[in-house]
Amino acid sequence: MLFKPHTISSHILSNHLNQLRSISSLKVVWRKDPELDRAIENDKRFKLCARVVREVLNEPRHVIPLRYLEKRRQRMHLKVKIETFLNHNPGLFDVYLDRIKPKTEPVRFIRFSAKLQNFLEEQKRIFQKNEDLIVAKLCKLLMMSKNKVVSADKLLHVKKEFGFPDDFLVDLVPRYSNYFRLIGSPGEGQSFLELVNWEPKFAKSVIEHRAEEESERIGIRVRPNFRVQLPSGFVLKKDMRDWVRDWMELDYVSPYADVSHLEQNSREMEKRMVGVFHELLSLSLYKRIPVPILGKFCDEYRFSNAFSSVFTRHSGIFYMSLKGGIETAVLREAYEGDKLVDLDPLLEIKDKFVELLEEGWRQRAEELRLKQEKLRRDMENSATKVDQMSVKETNVDGRRHVDNGRRRAFKFQAKDTH
């Protein structure tokens, strides 16, 4: 009896070490997925334009001297000069002259164009239309966290990823005091957003909803689990296939469930962590989030320090893109090829902005076409003038030749007469 507790604890410790070893020792070779990389590349120009618009939007009266904006190019990751950017993207801004100070010489400023102003008004309308969705997303982010509290500054940092309005903390949050409590002032030291009331209707993940819908459709209970779709030509080694099979057989752990009793390095905790990442990516606009941004929430969501290895270890669920020199976690099931098929309603804002950009790009293309057409006509006219001058010169030379011949003949005849 004296040795029994020791025997049991040794057995538990042995299992625990085996679990640690079974997870940490598994290595999956990263493989490039050109189509998902292309999906990120396709949004590059749109996001760059949005970044410049946001920079001006943060300025008082939404105007800024052009030369000041030029100094911020590196911060905006803009490789071309601001003037070149404006020429390539007409329709976004108007350029005008104004004084920085009353007695200084006028300099060029930029401000929103009428078309961009109309877009910003349309954006407000879309936010208002989808306010319930935004509230649900914010509740879910808090409900998945360890203490139902998340840093307000971190939430501000990820507002673009989830489609939150710029002013959601000062406008939306106070209007939903039944859900949220803001502690402190964002940007002025530590501040937090706290969940006031647990909302059961938000406590189901995308995977759980999908299993329920499938169960209702076929009349048989379906277990919640992940969809695994390995990229074409990707083959797992036998030990990895066995591990994934056993891991998939584990019960699904909801990202909204209390997991305080789970060991941090257990397979069950990994199942929960994958569930949290799946839910976070599902809530995001583009079903992808840069890994460094996810890393900011390690404490709130109980991620391990080596959490990024999850995306390669579970390469049938996620893809780790290295496009643009930054690691980005992508949810595979949300894409067909390079096309996002799981569309968030807030993406209507992107569609409206892209329409504005494409109108400007068509305008620029037409202006370039007209310039090239004019240049071609000018070159043709110049060539015609040169040809006409050559003909005239030839005619003049011919007449001179005839006249000289006549003069020589006259002189010859005159000599014969004498």
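The conversation below walks through the helices, packing and selected residues of a predicted model.

User: Before we start, what should I know about how the values were made?
Analyst: This is a predicted model, in which local features need pLDDT of at least 70 and side-chain atom pairs count only at pLDDT 80 or more, while totals for chains, interfaces and linings use all residues. Residues are numbered from 1 along each chain as its sequence is written, and side-chain values use heavy atoms, with hydrogens and water left out.

User: OK, how many helices and strands are in the chain?
Analyst: The chain has 17 helices and eleven strands, where helices (H or I, at least four residues) and strands (E, at least two) are DSSP runs numbered from the N terminus.

User: And what share of the residues is buried?
Analyst: Of the 418 residues in the chain, 40% are buried, with buried meaning under 20% relative accessible area, exposed over 50%, and partly exposed in between (1.4 Å probe, protein chains only).

User: How much of the contact count comes from residues 24 or more positions apart?
Analyst: Among contacts in the chain with a separation of 6 or more, 66% are between residues 24 or more positions apart, contact being heavy atoms within 4.5 Å.

User: Let's look at α6. What is its span, and what would be expected?
Analyst: Helix α6 covers residues 114–129, which is 16 residues, and reaches 23 Å from its first C-alpha to its last, close to the 22 Å expected at 1.5 Å a residue; the expected span is 1.5 Å times one less than the number of residues.

User: Which residues of α6 are buried, and which are exposed?
Analyst: The buried ones are L116, F119, L120, I126 and F127. They lie on the same side of α6 because they cover an arc of only 120 degrees around the axis, the arc being that of the directions from the helix axis to the C-beta atoms. On the other side of α6, A114, N118 and Q128 are exposed.

User: What does F353 touch, if I ignore its sequence neighbours?
Analyst: Leaving aside neighbours within four places in sequence, F353 is in contact with F46, C49, A50, V53, L92, L116 and F119. F353 itself is found in helix α17, residues 348–417, and at 4% relative accessibility it counts as buried. Its C-alpha atom and that of Q123, 230 residues apart along the chain, are separated by 9.0 Å.

User: Switching to helix packing, how do α7 and α13 pack?
Analyst: Helix α7 (residues 131–143) and helix α13 (residues 267–283) pack at an angle of about 160 degrees, with their axes 11 Å apart. Axes here are lines fitted to C-alpha atoms, for helices over the stretch in contact, and angles run from 0 to 180 degrees between N-to-C directions. The two helices are therefore roughly antiparallel to each other, on a scale where angles under 35 degrees count as roughly parallel, over 145 as roughly antiparallel, 65 to 115 as roughly perpendicular and the rest as oblique. K137, K140 and L141 of α7 and E279, L280 and L283 of α13 make the contact.

User: What about α11 against α13?
Analyst: Helix α11 (residues 206–218) packs with α13 at an angle of about 90 degrees, the axes being 9 Å apart, and the pair is therefore roughly perpendicular. The contact is made by V206, I207 and R210 of α11 and by H278, E279 and S282 of α13.

User: And at what angle do α12 and α13 cross?
Analyst: They cross at roughly 80 degrees, and their axes come within 10 Å, so α12 and α13 are roughly perpendicular to each other. W243, D246, W247 and M248 of α12 meet R267, E270, K271 and V274 of α13 in this contact.

User: Where is D251, and is it buried or exposed?
Analyst: D251 is found in the loop between α12 (238–249) and α13, and with a relative accessible area of 58% it is exposed. Apart from neighbours within four places in sequence, D251 is in contact with R223 and K271. D251 and N225 are 26 residues apart in sequence and 8.1 Å apart in space, C-alpha to C-alpha.

User: Last one: where is D43, and what does it touch?
Analyst: D43 sits in the loop between α2 (34–42) and α3 (44–57), and D43 is buried, with a relative accessible area of 7%. Not counting residues up to four places away in sequence, D43 touches Y286, R288 and K350.
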